[in-house]
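Open the model in your viewer and keep the selection tool handy.

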Amino acid sequence: MKEMVKNLNTIIENRNENWKFHLGECEEAWYKGFDDSQWRSVRLPHDWSVEIPFSKEYSSGTGYAAGGVGWYRLHFTLPKEYEGKCIRVVFDGIYKNSQVWCNSYYLGKRPNGYTTFSYDLTSFLCFGEEMDNEISVKVNHTDIADSRWFTGSGITRKVTFLIEEKVHPKEYGIFFQTKQMNRDAAQIEVAYCIENTSDQSVTVNIETILSDACGNIALRIKDKTVLNALETKKCIMSGMVSNPKLWSPEEPNLYKMQTFYKIDDKAPYQVQEEMVGIRTICFDAQRGFFLNGIETKLKGVCIHHDGGCLGAAMVAEVWQRRLEILKDCGCNAIRCSHNPHMPELYQLCNSMGFFVMDEAFDEWENAKNKWSDGHNVYPPKHQGYFEDFPQYHEADLKAMVRRGRNHPSIILWSIGNEVDYPNDPYCHPMFETMTGNNDSNKPAAERMYDPNRPNTKRLTVLAKRLSDIVKQEDKTRPVTLAAAFPELSSKLGLLHPLDVVGYNYKEHLYADDHKEFPDKPFLGSENNHSYQAWLAVKENPYISGQFLWTGIDYLGEAQGWPVHGSPAGIITCAGYRKPEFYKRKSFWSKEDVLHISTRKDDGRTQEWIPVSDTWNYEIGEMILVKCFSNLPEVKLYLNEKQAGRQNQLHDDGTFCFRIPFEPGILKAVGCDASGRICLTHQLKTSDGAKKIVWDLWKGKDAITNTCWNEISARPGYLYQLEIKLMDDAGQIPIGDDREIKIQVNGDGELAGIENGDLSDVTPYSSNERKTYNGQLMVFIRRTGIRKIYVEIESDMGIHELEID
């Protein structure tokens, strides 16, 4: 009698360990029998760009970081019980031009470095403990001027194996939707796309269970369908959830969605488990954005994908700490600039309560200028994704939407960023000259209309095509685009295919264009940090929100050597708050805010000029004191004497005082309308660094709700060790930075040191780095289960730390 084969629940296996890596071309490495014993072992995610020293010979646009060709190889075995199952390898992202082989069989190529993609390995695998399998991956990033920001190089995101029965959901083939909702109930619809890869006709009983955070079943829906051999079929089920717990930034309630198949009379098996949220969204052309029927302003930031010294090899725990800081300033929205980000970021936004604008492309058919020798230093280079857009845009766009459409956090699909940037390369005879928002020092000839350049009207055709592709996959979310020069593109029809219009730095057009396009909702898809830009959102209900450029400093888009990144964020790339953070918090937060920052009063009044949290200057020197506060009144005291009192914000949204410097204590007192003291903040004249303090970030895993002790004990976990200099008064001494050396022993390794100083070109592979504004972030990767020993050395001595 033939033994019954047990159906397996769908299994997802992480395959991030024990990869072999070689930097450089190795043409025979596709071959299963190739000897890679001398190659280096690495753990994914991996970015070789940050392992190589910065060089002025590389491209400023991508942060003076190296590229090249790299090869990865993974040896693995599979148990006999997997034989007869369907097995896929899923790559969350490989930058870029990846080619993949399994056991010497070529699987395919994917140029886009940010797209999640997979290959079916079923036909090429061997099973059993003695049967070796091998995957080879070639990564080609030789065109290092291919982007306007840092990209990284390598398998920069995780890799998983998906093991399924022969009857399983098509990839991303379960689509959860909230169809209708009122105070008492929500109508839920789940669309299924089922694949039968077997050679037999089967009856599939489908069951989906929705459970709340306490494990209570909120919904159970069932259906049955028949699939012929090798058939793919779609079906839809729906049901009502009573008294739904709604998802919002304030209360990001999630439900566990589990789907089971039962084939004929066999036992059921689980095919998917995913966290989903019940919520409704609406962008109204007159009244703005509504979540669950409640008017909500998007207080957003744009972010790039790098983590400073980590490069593109980011992990969830680093993003979680960053998002916690952004949450603290009142931020409720993230724009993924200008490409899909790692899957874990969206999961964090689901569980922590952030809206997301997911973005597909920075360029379409034609190349944008890529600055290689400094920003706006001509001539530019013209490498990049445009080369692959004609062939791959549909697959890449569909992959983004399908991957993300079950995330409650995602509320907008952006099909492009600044594709209409003037003369880059599109133009039109309607404008003889055009100047973009980032065109300082641009030669006059480059601003002129040139009939030999591509016509801007072509963008309208492409926008319609891309919008239609999105709508094929998801009709529940609006399509948008971040327009750079709507003075022209809006007149040529670029806005017509969009459900929501995004403008980059065009607040002065809001009123007129709202009248011109009364049926189009508007938002600021990219905005500067000015108070006036915020008021344009706050005071106009038809503007749904704004997205600051940027939330976090990032590598690339550098002005020129040795600066290798952009300081546009309110958080440094080391993950520390800047003074500008508190200014933004005073605009966005519902909490009382008060914070002092200062700079020399040199006569300049521009809002963007940096300030610092210090009270160390020359005696008698005039100092500009900025108090960031949302309280009605601020009083300023210097050495207990009142130096000023204000109840009116300046044009930059701050309380500004100008006083001569005197050593001692500068203190701000914030009062409510009745004069009651609500908050105080002070700066003291510092006598310099006297000691080193450190703190290990210990956040509970926001995605799985796993406690820190458990999640951090797993190999691969990345500890974030915050190191700060302190003076005798317990404050950070700005301007007295020290060299710090880190040694890691035991079951850990140094993964990188970041100080946030974008002009510091100390190699990221070094174990020494100077503090910046008295702070340093040390990343330590766990490699085993035993203790980790950390040694912190400076001119103030050697300090030791144990991590259990």
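This is a predicted model: local features need pLDDT of at least 70, side-chain atom pairs count only at pLDDT 80 or more; totals for chains, interfaces and linings use all residues.

In what order do the four strands of the open sheet run? The order is S34-S33-S36-S37, with antiparallel pairing; strands here are DSSP runs of E of at least two residues, numbered from the N terminus, and two strands pair if DSSP finds at least two bridges between them. Now select 641–646 and 677–684: these are strands S34 and S37 at the edges, each with a single partner strand, so one side of each has no neighbour in the sheet. Neighbouring strands of this sheet are turned by 20° against each other on average, direction ignored, with axes fitted to C-alpha atoms.

Residues are numbered from 1 along each chain as its sequence is written, and side-chain values use heavy atoms, without hydrogens and water.

For the second stop, select Arg43, Leu44, Pro45, Ala313, Val315, Gly716, Leu718 and Arg781, which line the largest cavity. A cavity is a set of points on a 1 Å grid over the protein atoms alone where a 1.4 Å probe fits but cannot get out, and lining residues have an atom within 4 Å of a point. Colour by domain, using bounds from an automatic or database assignment: domain 1 (11–164) and domain 5 (691–803) both give residues to the lining, so the cavity lies between them.

Definitions and conventions
On a 1 Å grid over the protein atoms alone, a cavity is a set of points where a 1.4 Å probe fits but cannot get out, and a pocket is an open set with protein on both sides within 12 Å along at least five of seven lines; lining residues have an atom within 4 Å of a point. Axes are lines fitted to C-alpha atoms, for helices over the stretch in contact, and angles run from 0 to 180 degrees between N-to-C directions.
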